[in-house]
Amino acid sequence: MDNKERFVTLCRSVKRDGIEELLDWVKKSDFFTAPASTRFHGSYPGGLLQHSLNVYDELKRVLEAYPEIECSEESAIICALFHDFCKINYYAVEKRNRKNEFGQWESYDAYKVDERFCFGGHGSKSVYLIQHFIKLTPEEAVSINCHMGAFVDENVGKSFEKFPLAWALHVADEAATYIKEGAE
């Protein structure tokens, strides 16, 4: 099963109203071909899809290590696979120049941010987009909103205390980014 098939299969196991409409929207977007970042992790076609699946795998590992964190399979799928929906239709390819190993200038493709829907924060934009299609539980919404941890808000620790899934998603995102994907 390739990444796209795995993503769709996992999403279809979610039994919430609106999941098929969400999948239709995703399929019409650049989600399956978008990078996860401009140059740090998953900076290649399909990087966002791969990163989302990596976060799911890492979240499952974190939840196995901490069985006291209650989390349904449905919540794990939603939080992990949809946490970076803010990056859908967010990047564009541009031409840049660099010197090659022979000292000659060459053109190459690079990613740049091309925000088409300015909403605000990273996590809050993902929550907003998801909730157009499916209803999130409070814990899912907080987890997705706070998945960047203290990078976004120094008060996020209170969210981690109240909703352990938020902490687990943050750890899974970091593990996927810095360990599994080897971000700089």
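Mentor: Helix α1 passes helix α3 in a left-handed crossing. This is a predicted model, and the values below are computed from it. Helix α1 covers residues 3-12 and helix α3 covers residues 47-65; their axes come within 10 Å and cross at roughly 55°. That angle makes α1 oblique to α3, because angles under 35 degrees count as roughly parallel and 65 to 115 as roughly perpendicular.

On the α1 side, the contact is made by Asn3, Lys4, Arg6, Phe7 and Leu10. From α3 come Leu49, Gln50, Leu53, Tyr56 and Asp57. Sorted by class, the residues of this contact are 5 nonpolar, 2 polar and 3 charged.

Now turn to the other partner, helix α4, which spans residues 73-82. Two packed helices are described by the angle between their axes and the distance between the axes. For α1 and α4, the axes come within 9 Å and cross at roughly 140°. That makes α1 oblique to α4 as well, because an angle has to be over 145 to count as roughly antiparallel. The crossing of α1 and α4 is left-handed.

Here α1 contributes Phe7, Leu10 and Cys11, while α4 contributes Glu73, Ile77, Leu81 and Phe82. By class, this contact has 6 nonpolar residues, no polar ones and 1 charged.

Arg16 forms a salt bridge with Glu74, and the closest N and O atoms are 3.0 Å apart. Arg16 lies in the loop between α1 and α2, whereas Glu74 belongs to α4, so the pair ties together parts that are 58 residues apart in sequence. A search of the whole structure finds 14 salt bridges.

For orientation, look further along the chain. Strand β1 (residues 91-99) and strand β2 (residues 105-113) run antiparallel and are joined by 9 bridges. Val93, for example, has Tyr111 in β2 as its bridge partner. The two strands form a hairpin with 5 residues between them, and Gly103 in the turn has a positive phi of about 80°.

To return to the helix you asked about: α1 is oblique to α3 and oblique to α4, and its crossing is left-handed with α3 and left-handed with α4.

Methods:
Residues numbered from 1 in each chain as written. Predicted model: local features only at pLDDT ≥ 70, side-chain atom pairs only at ≥ 80, totals over all residues. Heavy atoms only, no water. Axes fitted to C-alpha atoms, helices over the stretch in contact; angles between N-to-C directions. Helix = DSSP H or I, 4+ residues; strand = E, 2+ residues; numbered from the N terminus. Left-handed = near helix turned anticlockwise from the far one by under 90°. Contact = heavy atoms within 4.5 Å. Nonpolar A, V, L, I, M, F, W, Y, C, P; charged D, E, K, R; others polar. Pairing = 2+ DSSP bridges. Salt bridge = Lys/Arg side-chain N within 4 Å of Asp/Glu carboxyl O.
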